[in-house]
Amino acid sequence: MESVLAVAFVAVLLVVSTWWLLLPIGVGCLISVIVTAVRESPGAGRLPGLWARLGIGSALLCAATVGYGMTRMATSFRLDADDPCTLSDDLLDNHPIIDWPLSDTGCRGYESVPAFVNPLILLFAALFSASVVAMVTTWRRQRARPAPSESTMDE
């Protein structure tokens, strides 16, 4: 159990510290999907690689959005030392490391996570799920299709 918590902690640290790097990589993946779809207009939806790039891009953008939201959270570790909220044992013991969806009102009652973070997380997670389903579906259709005959000149 301790090793799972250690891996989760390292993963959270990586997402929080590298969200700014994940953002341009994810945008680059989505731009390559758009360029490929425009070039291959009629048959672009039948390319499993296109759906895979869309899934990778949306997963990276989802992780970047989570990282950005977590850096904007005013958790109990960032509160002023003179604030009575830091002295409350109930707050420190019951405060989760990650709230899902990202939300942190603290003792002051205002939301410290920007309003666009949670809808973007939901959008990118749904886009990732849809692209994985589409990738598997197109890949299975390509495998089920009979291979074209290569020997048409035998007649």
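Leu14 is found in helix H1. Helices here are DSSP runs of H or I with at least four residues, numbered from the N terminus. Together with Phe9, Val10 and Leu13, Leu14 makes a nonpolar surface patch of about 390 Å². Nonpolar side chains in a patch are joined within 5 Å.

This is a predicted model, in which local features need pLDDT of at least 70, side-chain atom pairs count only at pLDDT 80 or more, and totals for chains, interfaces and linings use all residues. Residues are numbered from 1 along each chain, and side-chain values use heavy atoms, without hydrogens and water.

The axes of H1 and H2 come within 6 Å and cross at roughly 150 degrees. H1 passes H2 in a left-handed crossing. Their contact residues divide into 22 nonpolar, seven polar and one charged.

| Helix | Residues |
|---|---|
| H1 | 2-39 |
| H2 | 48-71 |

The structure also holds two aromatic pairs (ring centres within 6.5 Å). The rings of Trp19 and Tyr68 have centres 5.0 Å apart and planes at 70 degrees, so this pair is edge-to-face. Trp19 lies in helix H1 and Tyr68 in helix H2, 49 residues apart. Trp19, Tyr68 and Phe116 form one aromatic cluster.

Definitions and conventions:
Axes fitted to C-alpha atoms, helices over the stretch in contact; angles between N-to-C directions. Helix = DSSP H or I, 4+ residues; strand = E, 2+ residues; numbered from the N terminus. Left-handed = near helix turned anticlockwise from the far one by under 90°. Nonpolar A, V, L, I, M, F, W, Y, C, P; charged D, E, K, R; others polar. Patch = residues over 30% accessible without salt bridge, like charges linked within 9 Å, V, L, I, M, F, W, Y side chains within 5 Å. Areas by Shrake-Rupley, 256 points an atom, 1.4 Å probe, with all protein chains shown as cover. Salt bridge = Lys/Arg side-chain N within 4 Å of Asp/Glu carboxyl O. Phe/Tyr/Trp six-rings, centres within 6.5 Å; stacked < 30°, edge-to-face > 60°.
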